[in-house]
Amino acid sequence: MSDSLHPTVEAARWVDEYGDYLFRFALARVRNRDAAEDLVQDTLVAAIRARTHFEGASALRTWLVGILKHKILDYFRAQSRTVLAGDLTAIGDEDRTVESFFDRAGRWRNPPGAWNASPDRVVEQKEFRRVLDSCLSKLPESMSRLFVLRDVEGVASETICETLGISPANLYTTLHRARFRLRRCLEENWFEKVAEVNR
Amino acid sequence: MKFPTCRNIVASWSESLDRPVSLGERLLLWAHCLLCRPCRRYMAQTQAVRESAGRALHADSEEADSSAPQLSPEARDRIRQAAEEAARETR
């Protein structure tokens, strides 16, 4: 914290300056407003207590995001102890969803269609991000949690298994289903619709 | 030797993103993809989805217009009080 301001004034400034950014960062990952607000509070309180360790080598926001990422992992760890019955049913359904794309011999029954644009070209469009967000929301919670940790945050597989107490086989299977479903959801709700409009 | 099916190949490919794979596994994936356009397409599209998800979440956090999610006034007050309290405790 700067020497020029009283610590409590500076603390209030951190909330005003970084609170909303940290909230959006957390909300996009935990997908729950109350949890995201709690995570912002935990992050800022931890940062203020540890402020003498902030050496200024990185931007303050980068340092805060680093703390928030640890808090999100802690949150997921706590959540993973609660296995939701609805989640298990949804994962069972997911198995059937993936299976329905293949015939009995394991060949594609519904092969992936050609897309008219790559997701990395349309990601700047807000509407595309809304569709992606809605596709992520449709995943069972335990599935989106693993996808966010592994594919968005790039957390190592071993760290995820250790932190969430799941087996590597469980991680690989769940990630495969999450990726399969997200690709399909985007195909149905974005790429096929865009192709229809252009027809 | 039994050759893997498309169903097995896409699952193996996904697994290869999360753990080190042997040379034999890599060769099987490569050989299958050489001959199978749907699997090649699936992998390319899924890889693009993975990358765009990271970029989209980042872009959402950066979005600061009035329609972007914000802390509720109650949460902001509560967090400000907690932050000020932490600052007082650690002066």
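## Chain A fold

Chain A has 9 helices and 0 strands, where helices (H or I, at least four residues) and strands (E, at least two) are DSSP runs numbered from the N terminus. Read from the N terminus, its elements follow the order α-α-α-α-α-α-α-α-α. This is a predicted model, in which local features need pLDDT of at least 70 and side-chain atom pairs count only at pLDDT 80 or more, while totals for chains, interfaces and linings use all residues. Residues are numbered from 1 along each chain as its sequence is written, chains are lettered from A and ligands numbered from 1 in the order in which they are written, and side-chain values use heavy atoms, with hydrogens and water left out.

Of the 199 residues in chain A, 50% are buried; buried means under 20% relative accessible area, exposed over 50%, and partly exposed in between (1.4 Å probe, protein chains only). Among the contacts in chain A with a separation of 6 or more, 68% join residues 24 or more positions apart, a contact being heavy atoms within 4.5 Å.

## Nonpolar cores

A nonpolar core is a set of buried Ala, Val, Leu, Ile, Met, Phe, Trp, Tyr and Cys residues joined through side-chain atoms within 4.5 Å. The largest one holds 45 residues, and A:Trp14, A:Leu22, A:Val30, A:Leu44 and A:Leu64 have the most contacts inside it. At least two residues of this core come from each of helix 1 (7–30), helix 2 (33–49), helix 3 (60–80), helix 7 (141–152), helix 8 (157–164) and helix 9 of chain A, and from helix 4 (73–89) of chain B. Helix 1 of chain A gives the largest share, 11 residues.

A second, separate core has 24 residues, including A:Val123, A:Leu139, A:Cys185 and B:Leu57.

## Aromatic pairs

Over all chains there are 13 aromatic pairs. Rings of Phe, Tyr and Trp (its six-membered ring) pair if their centres lie within 6.5 Å; planes under 30 degrees apart count as stacked, over 60 as edge-to-face and the rest as tilted. A:Phe102 and A:Trp108 make a tilted pair, at 4.6 Å centre to centre with 40° between the planes. A:Phe102 is buried at 2% relative accessible area, and A:Trp108 is buried at 10%.

A:Phe128 is buried, with a relative accessible area of 0%, and A:Phe191 is buried at 3%.

## Charges over rings

A charge sits over a ring if NZ of Lys or CZ of Arg is within 6 Å of the ring centre and within 35 degrees of the ring normal. A:Arg29 lies over the face of A:Phe25, 3.6 Å from the ring centre. The charged end of A:Arg61 is placed over the ring of A:Tyr21, at 3.8 Å from its centre.

## Interface of chains A and B

The contact involves 65 residues of chain A and 53 residues of chain B. About 5,300 Å² is buried between the chains, with carbon and sulfur atoms giving 58% of this area; buried area is the accessible area (1.4 Å probe) that two parts lose on being put together, summed over both. B:Arg7, B:Asp18 and B:Leu57 supply 13% of the area that chain B buries against chain A, more than any other three residues.

There are 12 salt bridges between chain B and chain A, each a side-chain nitrogen of Lys or Arg within 4 Å of a carboxyl oxygen of Asp or Glu. B:Asp60 and A:Arg129 form a salt bridge through their side chains, at 2.9 Å from N to O.
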